[in-house]
Each structure stands twice: as structure tokens, then as C-alpha cells.
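Visitor: Please show me the structure. I would like to ask what the terms mean as we go.

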Amino acid sequence: MPELPQWRQSAALRASLLCAAVTLLATMLALSIHYQRTVVILQDEVRDSVNAEISLLLRTYARDGVTGLTDVVRSETRDKSLQDFVYAVADTQNRIIVGNITQWPTLRKSDSWISIAAPMPGISSDGTRWVEARALPVGKKYHLLVGRTATGLVTLRRGFWSDMIWIFLATGTTALVLGWVISRRGLRFISAYAQSTARFHAGDLTARVPISLRNDEFDHLGELINQATGETMRMTLTLRAATDSLAHDLKTPLTRLKSRIELAMLRDPATVEFSTVLAQTARDVDSLLAMIQAMLQVVRAEATPIASFAVVALDDIVRDAVETYQPVAEDKGQHFTSALQPCLVRGSRPLLTQAVANLIDNAIKYTPASGTIRVTLSVAKGLACIDVIDSGAGIAAADRERVLERFVRLDDARGQSENGANGVGLGLSLVSAVVRVHRGTLTLEDNAPGLVAQMRLPCAPSP
Amino acid sequence: MKLLLIEDEPSVAEYIRQGLGELGHACDLACTGLDGLTAALTNAYDAIILDRNLPVMDGLSVLKALRSENRQTPVLILSALGQVDDRVQGLQAGADDYLCKPFAFSELKARLDVIVRRSDGTPKAVTKLAVGDLELDLLARTASRANRKIELMTKEFQLLDYMMRHAGQVVTRTMLIEAVWDYNFDPGTNVIDVHISRLRAKIDAQEEAPMIHTVRGAGYSLHA
């Protein structure tokens, strides 16, 4: 398992912190709204009823003075067990004149709301209850306090902050842990990706992203990345092989060219047939150019993007090649036959055309006069199969594998080197490259005597 | 013919100028894309030979600028960029033909003749071609010479069609491979020669004057 970065720099930590912060903010918002919705509404309800009671008492005071007020309070507080309201009238020294509380509460302002614990014998278990009360001055000498039992409200209000803290702690921890766990999977993947990319960049073309057994999106991405690196590796190696063998294969004819020129220069100018030397040189240069062209074709065939493929009628392509080469074979006195089945494949028309042409051209080249050549196209099990069967010299079993490799040494790939100016090996290398980019297979078998070249390509799904 | 050559490689430019000069054609040379465009817009030429990789302004831009000025001078692109995509780009930009380096001078000459001739008359939709007493019915896909009916295979028909459309001109093997076979590679051996000789055997009967002629070192020509 690859190393993770330092925990402080880790994106996992940052992600989980952010996650926690967002969760906490959301929780706070939700709780605040909840508080508003319940506590404030409850409190307003209680306070409204208290205010209504107060205004009644103030009216009594205005009409009957303090005596009237105390009379009313006294009669209201007579039954001590069935009280929803608490009342108290006190003088300026906060001594209670009449009421059902025992002690005047300490107030911050002369007219304010307060939550007090009032004695309530026989009702609550501890003999007290929570009361939401309002204290206010009455006239110049007295204070009035009216309250209403609101145990639920007060408990709710008092509990709000402690609840808030607990909820914060719980959600905060959960969010941190969850964020860490979830982001770690992604970050572990990124770290693995970073490592393999660094190795790839350092020149290790085989570096790949490790794939877990979870088969999740990360693994899917990893597989795609690995496919891309694989393709890059394949192309890089092809190019390397191409440059290597191009350099090697060009050296031989160039050396021949050079020695011929040097030889001509050494001789007595009077005896040298310069036009002959020049004609030979021009021929050599032509074959060099042809060789470069052929190798470029192989490289480009290898590099053909699959995205450029289209559905093509393979039988059309083969028929065209047969029509092109049949007269050539007949001129050579060869017996040329063909049998083609209609068939569609996904691919590049120019590449397939050239591959088929190369196979047939090779067969004609290496089959003697009065020999036979047969070209067939058949479809079986979703595979299009092109067979080019000749009765020529064939290829030695030991060489069959080799000629299909990329850039086989051109001259000695098949038969004698004098035979093909462009090198037969390259012809088959190109066929092999074309088949490879089409995800097909190319096999060479013995026809005793002769060669069976078989090209198999996946058929295009029928529309 | 008066020609304009836009080419920055001195040795190639000299080779072409000399060759065209020997054939009696005047040839102006421009070494950058911008000079070439200026020359093409100020003087009247029968054809322009245009390289693609040019200093100051690349060949395709020159061609596009020329065509946007509504100059229909035939243009032959001569470039080392020879992939199918490159050719398509060049032809889409308004070139009349595309020849890849390295090239044979005879090939260049033959193609120049064709594009200059082509620009003379607008191509018409024809159903019948005739050269001398040789006739080709494009709809019935049959040929006849002096009322002698000639049976043709598909490739032979396409070959004759192309050669009759370019009657009197030299057509090279490469031109035939591109036009008749639509191959972007050399089909090798002597494919073209074999098809031509078969066609020749059908067209030119024993007592008749030969119509298909081999032009040494260049290609073929069909004329009465």
C-alpha cells in the first residue's frame, strides 16, 4: 500500500474538517430554527396570558387602589393547591405584602421578565415549579409580580445550550470520522495514481495503478488509466523498435551506395561508365525511399486511432483486391480463384485494403507459374476470416512467427533477398500491424507446399 | 505556360525551375508564403506549385487566402506531408492536386498539364465519352471502337474512363493508382502495367492504329 502524505497536509483531513464544519453549521441552523419555533412560541403564549392578567390587576389598582389590588390577589391565591398563576405584591423594600411566593426575586430592572422557582406543595415532586413571571412597579410604592407555570418552557430554554453542545460534539465527531474514512479511499487512489505516474514519468513504462477487489468507480478509473498507459507503452515501444530497425536497415544499402561511389571515384575517369553508376545509384535511392515509405506505413498503421474506424464492407475490399490482382496472377500463368461471403467489419478502409493487397501480392510473388492461389472470405462465430492460400515456396516453420513481428529484418524474412525490392518482411509486418489495430489475428500455416495466410477480424455488430 | 513556384527549399526550387525551363515554361519563384501570395494576387499564372511548410505564412493559409480572394488559378500542392489526412486537408483548402515529395519530375509535369487543362473548361455531366472512333457509354458501361463492341471488366472500365477523360495527356501510374484504385500505397509488382496491357489488347485490335501509348519514364497516354 503506498504511503499517505503527512496527516497535517492531507486532503483527507481538510476534507473531513470541511465536512464537519458544514455539518455543524447546518445543525446549528436547524436547532436555532427549532428553538424559534418551539421555545419562542411557547414563551409568547405564556407571556400573553401573564400580560392579560397584569392588565386586569392594573385596572383594579387604578379603580380601587392598593387595597383593591391586594384583595384580588389574596382571593386569587387562597386555594394553594390549584394554582396556575403566581401573584405577589411587595412594597419598595421588596417585602411581600400578599401573594403565593415566599421571596421576592432579585431583578435586574424594575420591569422585567424572569424565570423563578415557586413553591408548589403537593403538585410537583420537589414542591416547586418553574414559573415565567413579570415583575413591574405599581404606582410609586408597590411592585406587582404575576407569573404563570411554565415548567416545560423553562426546562426547554435552559436545556437548549447544553443540548446544543452535546449535539455539536456528536455530529462534529461523526462528520470528522466519516469525512476521513470516505475521503481516504479517494486519496489513497490518488496517491497510488501519483506514484505510478511518477514511476512512469521516470521511465518505468510498466508502472500501473493498483486495482483493488472492490470494483468501484475508483477501480474503473484505474483500469481506464492503466489501459491508456498500456497503449502509450505499446506505441513508445513500437516507435523505439521502428527507429532502431529503420536506422539498422538503412545502413546496409547506404553503405553499398557509398562503396559503389568510392569505387567509381578510384577508377580511371576515362574507363568509368558514369551513366551506369548513376543509374544504379538512382535505383538504390529509389529502393531506400520505398523502404522508408513502407516503414512509415507500418508505424502509422500501428498508431491509427480506433476512433477513426467506420463500418466497412470487407467483401467489397477483398473483391476489389481480387479484381486488381487476378489479371496479374493470370499473366504469370497462375490459377487464381476466389470465394467471398458478404461481411461487415469496423475498421479503416485504406488499411484493410492495403493489408489484403499485401497478402495477395505476396502470394503472387512467391508462387511459381502454373501454381494456384485461392482467396476466400468467410464468416464464422462473429469472425470474418480471409484466407490467402498459395502453392508457392512457403515460409519455413522457424521463420513464421518471426515475420509477423514488428520490423523484422527485411531482406531475409522470406525466401531470397533478391526477390522483393521493398522487402517482403515489411509487407507482412504491415499486415500484422493492421490486424493488430483491428483487434484481429494473423496466422501463417503450411500448405505443403505453399503458405496459408489467415486474417481473422471481429465482425461489426449487425445494425 | 507561366507558372508560380512557392518553395523555400533552394535546391528543390532550382530543380523544378530548371526542369520547367527546359520544357519551355516560364516560372517565377517565391521563397516565403507571403511573397507567394502577393505574387499570385498581382500576376496572372496558368498554375501555382505550392509547398506547405513555408516561412512567414504556411502553404494552406496562402491557398485559403487566394481562394477567398476568388482566384481560381489551378494550384498543385507539393509537400513532404503525404498522409491521407494531409492530402484531404490540402484538397479541401482548394488545391486542384496534391503531390508528395520525393517526386519524379515527369509526375509533376503530367499533373500540371492535367490541372491546367481542367481549368480551361468546366466539367459537364457527360454520359458518353468519345476519342477518335473509340466510344465509352458511361451509363450502359460499355465500350465500342469503330462499331466493334468491347467487353470490359470493372477495373478496365474505370481505367478507360479516366484515360479518355484525360485523352492526349500523360497520365502517370501514381495518378491511375489514386484515381482508379483509390489506393494510397503502391500496389507493387506490375499491377498497373498488367491492367493497361489487358485494356490495350481489347481496345487496339490487330489492324487498328494503337490508341494507348506508353510514355517512357512517365506513364501512359491515350489519343487517336
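Visitor: What share of the contacts in chain B with a separation of 6 or more comes from residues 24 or more positions apart?
Guide: In this predicted model, such residues account for 58% of those contacts in chain B; contact means heavy atoms within 4.5 Å. Residues are numbered from 1 along each chain as its sequence is written, and chains are lettered from A in the order in which they are written. Local features need pLDDT of at least 70, side-chain atom pairs count only at pLDDT 80 or more, totals for chains, interfaces and linings use all residues, and side-chain values use heavy atoms, with hydrogens and water left out.

Visitor: How many residues does each chain bring to the contact between chain A and chain B?
Guide: Chain A gives 18 residues and chain B gives 17 residues. The two chains bury about 1500 Å² between them, 55% of it on carbon and sulfur atoms; buried area is the accessible area (1.4 Å probe) that two parts lose on being put together, summed over both.

Visitor: Why is the meeting of Glu330(A) and Arg198(B) called a salt bridge?
Guide: The term requires a side-chain nitrogen of Lys or Arg within 4 Å of a carboxyl oxygen of Asp or Glu. The side chains of Glu330(A) and Arg198(B) meet at 3.0 Å, N to O, so the pair qualifies. Between chain A and chain B the count is three salt bridges.

Visitor: What makes a residue of chain B count as buried?
Guide: Buried means under 20% relative accessible area (1.4 Å probe, protein chains only). Of the 224 residues of chain B, 50% count as buried.
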